[in-house]
Amino acid sequence: MAHILILGAGYGGLKAARDLAKTTPADTQIDLVDKNVLHVEKTALHMVAAGTAKPESVSFDVRDVIPSNVNFIQATVSKFDLENKKVSFSDHDDIEYDYVIVALGFRSEDFGLEGADEHALILQDLDTATEIYKTINKNVANYKTSQDPKDLSIAVCGAGFTGIEVLGELVDTVKILKAKYGVPEIKVTCLEMATRILPMFDEELSNYAVSYLEKNGIKLLTGAKIAKIEDGAVVYKDAEDAEHKVEVSTMMQSEQEISLISVPW
């Protein structure tokens, strides 16, 4: 009897578990391991961050969707021993395997940007997405007391897929919060080092996205290389290397590093 160990119950891990449950011999042991019981639809995190979706609408219990011949184990991976085909966990006994699929997902990456860890909110999981919206809501609500324009200023650092998705959702969010708290216009600024957004698409589509966002009050700063993030400001340099600041209370770093799914057979 073969023992297949799948590490990670994200999109890749779940897909592997469901497919292997159908195609492997009946006596195959399939263990699916994740530190969380909930599977979170990571491609929908931007909606939670903007407050346009509830956390429970983008997550579900892994055990409710896996086949009956897949065993779910909640545990946190701490060490690999590929030579002896064994995985160690911080909260579970070691597990030996015949085959292992490593699908542990992505991690956020600030690329060593000064001040990012201390002053920027990173979109990585359900908790961080929820925290981003709580912070935006808190700062806008605080404006009535503080009268600080920074409380009505949001910066999104990065105009990749995640950044653009967040900006699209914020179009509606800022209108709702403006009406809810009776405040002046809420400013949303996106800083992107590239000279245009969505460079993976043709220029016509990219221009359409720019037009839509700007028409809805989003300020796009392209060719803006972020130098550092301070408490209350994003510092960037333009094409002439001149330094500028965007003063904000809410700073979100939207770019992420995607880890590969590897299958050591």
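**Exercise 1. At what angle do the axes of H4 and H5 cross, and within what distance do they come?**

*Solution.* The model is predicted: local features need pLDDT of at least 70, side-chain atom pairs count only at pLDDT 80 or more, and totals for chains, interfaces and linings use all residues. Residues are numbered from 1 along each chain as its sequence is written, and side-chain values use heavy atoms, with hydrogens and water left out.

Step 1. Two packed helices are described by the angle between their axes and the distance between the axes. Axes are lines fitted to C-alpha atoms, for helices over the stretch in contact, and angles run from 0 to 180 degrees between N-to-C directions. Helices (H or I, at least four residues) and strands (E, at least two) are DSSP runs, numbered from the N terminus.

Step 2. The axes of H4 and H5 cross at roughly 35 degrees and come within 10 Å. The crossing is right-handed, a term used if the near helix is turned clockwise from the far one by less than a right angle.

Step 3. Contact means heavy atoms within 4.5 Å. H4 contributes Tyr-133, Ile-136, Asn-137, Val-140, Ala-141 and Lys-144, while H5 contributes Leu-170, Thr-173, Leu-177, Lys-180 and Tyr-181.

**Exercise 2. Identify the members of the largest nonpolar core that touch the most other members, and the elements that supply the core.**

*Solution.* Step 1. A nonpolar core is a set of buried Ala, Val, Leu, Ile, Met, Phe, Trp, Tyr and Cys residues joined through side-chain atoms within 4.5 Å. Buried means under 20% relative accessible area, exposed over 50%, partly exposed in between (1.4 Å probe, protein chains only).

Step 1. The largest core has 38 residues, and those touching the most other members are Leu-123, Val-140, Leu-167, Leu-170, Ile-186, Ile-197 and Leu-213. At least two residues each come from helices H2 (45-50), H4 (126-146), H5 (161-181) and H6 (203-215), and from strands S12 (153-157), S13 (187-192) and S14 (218-222). H5 gives the most, with 8 residues.

Step 2. Leaving aside residues up to four places away in sequence, Ile-197 touches Ala-159, Ile-164, Ser-206, Ala-209, Val-210, Leu-213, Leu-220 and Thr-222. Another core, of 16 residues, lies apart from the largest one and includes Ala-9, Ala-21, Ile-30 and Val-62.

**Exercise 3. What is the strand order in the open sheet of 4 strands, and which strands stand at its edges?**

*Solution.* Step 1. Two strands pair if DSSP finds at least two bridges between them.

Step 1. The order is S5-S2-S1-S9, with parallel pairing. Strands S5 (70-74) and S9 (99-102) are at the edges; each has a single partner strand, so one side of each is left without a neighbour in the sheet. Neighbouring strands are turned by 20 degrees against each other on average, direction ignored.

Step 2. S1 (residues 3-7) pairs with S9 in the parallel sense over 4 bridges. Ile-6 has Ile-101 of S9 as its bridge partner.

**Exercise 4. Is Asn-139 buried or exposed, and which residues does Asn-139 touch?**

*Solution.* Step 1. Asn-139 is found in helix H4. Its relative accessibility is 9%, so Asn-139 counts as buried.

Step 1. Not counting residues up to four places away in sequence, Asn-139 touches Asp-151, Ser-249 and Thr-250.
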